[in-house]
Amino acid sequence: MASNFAINNIRDFEFIIQEWLPTEGVFNYPQFADYYSRDDVKSVLEPILKMCKIVIEPTNDENETHPVTYADGKVTTPPSYGTLFRKLQEEGWGTSNIDESPDAMVMPEMINAAVWEMICAANPAFMPYVMLTTGSANLIQSYGDEKLKHMFLPKMMNGTWAGTMCLTEPGAGSDVGDITSKAYPTDDPRVFNIVGNKLFITGGDNDFSENIIHLFLARIEGAKPGTGGISLFVVPKLWVNEDGSLEDNDFITTGVEHKMGLHGSVTAALSAGENGKCRGWLLGIDPRENNGKGEGMAQMFQMMNLARMETGHMALSCITNAFANARDNAKERVQGRLLTNPKAGRVAIINHEDIKRTLMMGKAYIDAMRAMMYRVYLAFDQRHRDPDPAVRKAASDLIEITTPLCKAYPSDEGWWLIGEAIQSYGGYGFCEEYPVSQIARDMKIYSIWEGTNYIQSLDLLGRKMKMKGGSVFNAWVQEMVDFYEANKGHENLSKEFANLGKALKAYQEMLKSLNEVSQSNMSMVPLYSRRILTATAQLYSGRLLLDQAVLADKKAQEIGPSHFDYNFYSGKVASARYYLRNVVPNVWAVAEIVIDGDTSAIDAPIEVYEY
């Protein structure tokens with residue numbers, strides 16, 4: 001079968017959490033202090049690595065041999081999914097990590113992220129069930145009353161019940177304010193009758209949990225139009241009575257999508273209230289008591305923002321596994337002779353220059369993206385638990401600015417990067433018997449999920465750059481400038497820092513030019529927004545990767561070439577060299593394009609698009 005979980009070590013996770021990031025304060029937070037320390041990273045993650053290989057990887061084959069099916073109103077999922085879902089939930093690798101009870105043993109977000117990265121790499125189609133159950137439980141924990149928490153959270157955390165979020169409708173995708181789902185009052189002021197249809201709902205149904213808890217967006221009759229009037233409801237597939245018993249809730253699956261990839265993940269079309277008997281609990285304030293304003297979108301964004309992070313992270317996990325497989329294949333496959341020494345005989349293809357370039361490119365992108373992701377996961381821990389308001393504010397600002405980068409950059413770049421991993425196989429990469437084909441199919445959805453990456457770019461330019469009059473974003477850029485100024489004289493990385501400095505200057509000039517031209521031509525913002533997001537992510541990733549390289553260069557010199565860790569540290573320096581010399585130059589290339597102000601793409605009439 002094609003399945004292959006090829007990630008073979010956790011060394012980079014150890015470096016990030018134990019050596020690079022300032023994590024001492026996080027491990028001293030009361031929630032973690034009695035259970036974890038920086039020295040425990042290996043003891044937690046090595047068993048997960050082993051579990052992914054032995055337990056989870058085999059389930060990935062079932063996505064192709066036993067994909068999701070739908071018949072007579074019911075879905076079937078791969079046979080192993082129920083056992084795996086309950087195992088991960090019961091053993092604490094899933095939803096229970098949000099447990100806020102005093103004696104709960106939860107992990108720092110950084111460690112949890114590493115756990116999820118490996119699980120997703122082992123079976124990308126399975127991961128949404130855990131992720132969405134966690135996100136929906138988190139919303140109930142944040143906004144539900146004690147009754148709802150008691151009713152739903154224990155069974156969602158232990159894997160008895162699953163959860164998901166229901167936003168998209170047949171006529172309303174990214175323009176969620178146009179949803180038509182309605183909520184009508186009942187005799188109970190917290191319970192409403194729900195009527196509506198939802199589409200493209202990942203994890204919207206399954207055959208392995210006793211119930212599915214939907215976080216459902218609808219508009220209460222009398223609420224404002226648009227997003228401002230939307231409310232959020234807890235709508236279980238099966239209604240939960242006061243005594244805990246379950247009964248039909250007039251909530252059905254009407255079909256499943258036939259997708260390019262993630263064949264073990266249900267993407268469902270759902271219908272609520274066809275017979276007028278679907279009920280849901282309102283979270284938050286009734287808009288009729290709040291001048292027609294609902295709280296649903298603000299509440300849902302708590303789940304969506306973390307889901308956007310996780311979507312980008314799932315893309316990264318697929319990229320990592322694709323290049324790990326490409327590496328292993330390149331070591332094993334013997335073909336061709338070196339141009340520099342053709343008489344020496346045939347060699348493994350990993351010795352060929354273009355394969356070396358391909359693998360170094362993959363490593364550099366992976367190191368850069370992972371540096372960005374885990375720097376932000378550190379901020380999630382700080383925002384949630386740090387006792388210092390200033391630390392919490394700084395962490396929140398960083399999360400706000402970087403969420404669109406973390407979602408869009410890995411999921412945009414992953415499609416062509418995995419294409420390069422396929423290319424390294426030659427013709428074998430195009431065959432389904434080899435894993436990179438399935439990884440590519442599975443990965444493509446991430447640039448579309450949780451708001452397309454165009455939506456992410458508008459969020460960056462339209463909201464994040466303008467937070468508090470632009471002061472937050474300007475401070476974020478200034479931090480990169482300060483880092484450059486403090487390190488530009490580094491002896492072994494002078495060229496790389498010079499490129500960072502050039503990119504920073506070009507980036508600032510680009511934003512100034514865009515701001516000026518958009519005053520008279522607002523269409524310039526959406527025209528260039530995706531490319532600006534990519535350049536922004538490359539700039540920030542380059543800054544973080546150089547920070548890692550400075551540390552790694554120092555450690556490599558200290559331990560010397562004979563040390564077992566020397567190749568790891570020298571590899572971090574090599575990643576930074578490649579990324580700063582081959583990727584970051586795109587920042588000033590984009591800047592030149594934006595400053596040039598070419599509008600040919602929008603000046604031409606739509607009639608020209610005939611091929």
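How many nonpolar, polar and charged residues does the lining of the largest pocket have, by class? The count is 17 nonpolar, 11 polar and 11 charged, where Ala, Val, Leu, Ile, Met, Phe, Trp, Tyr, Cys and Pro go down as nonpolar, Asp, Glu, Lys and Arg as charged, and the others, Gly among them, as polar. The model is predicted, so local features need pLDDT of at least 70 and side-chain atom pairs count only at pLDDT 80 or more, while totals for chains, interfaces and linings use all residues. Residues are numbered from 1 along each chain as its sequence is written, and side-chain values use heavy atoms, with hydrogens and water left out.

Back to that pocket: its volume is about 1,100 Å³. A pocket here is an open set of points on a 1 Å grid over the protein atoms alone, where a 1.4 Å probe fits, with protein on both sides within 12 Å along at least five of seven lines; lining residues have an atom within 4 Å of a point. Points are joined across faces, edges and corners, and the volume is the space filled by probe spheres set on them. Of the 39 lining residues, T168, I448, W449, E450 and G451 lie nearest the centre of the largest pocket. Helix α9 (296-332) is among the elements that supply at least two lining residues each, as are β3 (161-166) and β5 (191-202); helices (H or I, at least four residues) and strands (E, at least two) are DSSP runs, numbered from the N terminus. The largest share, five residues, comes from α9.

The second largest pocket holds about 850 Å³ of space. It has 25 lining residues, with N8, N9, R327, K363 and D367 nearest its centre. Here α10 gives the most, eight residues, and α9 again supplies at least two.

Helix α9 also packs against α6 (residues 109-122): their axes come within 8 Å and cross at roughly 55 degrees, which makes α6 oblique to α9. Axes are lines fitted to C-alpha atoms, for helices over the stretch in contact, with angles from 0 to 180 degrees between N-to-C directions; oblique is what remains once angles under 35 degrees (roughly parallel), over 145 (roughly antiparallel) and 65 to 115 (roughly perpendicular) are set aside. In the contact (heavy atoms within 4.5 Å), W116 and C120 are among the α6 residues, and H313 and M314 among those of α9.

Strand β5 also contains F200, whose phi is positive, near 60 degrees, though F200 is not a glycine.
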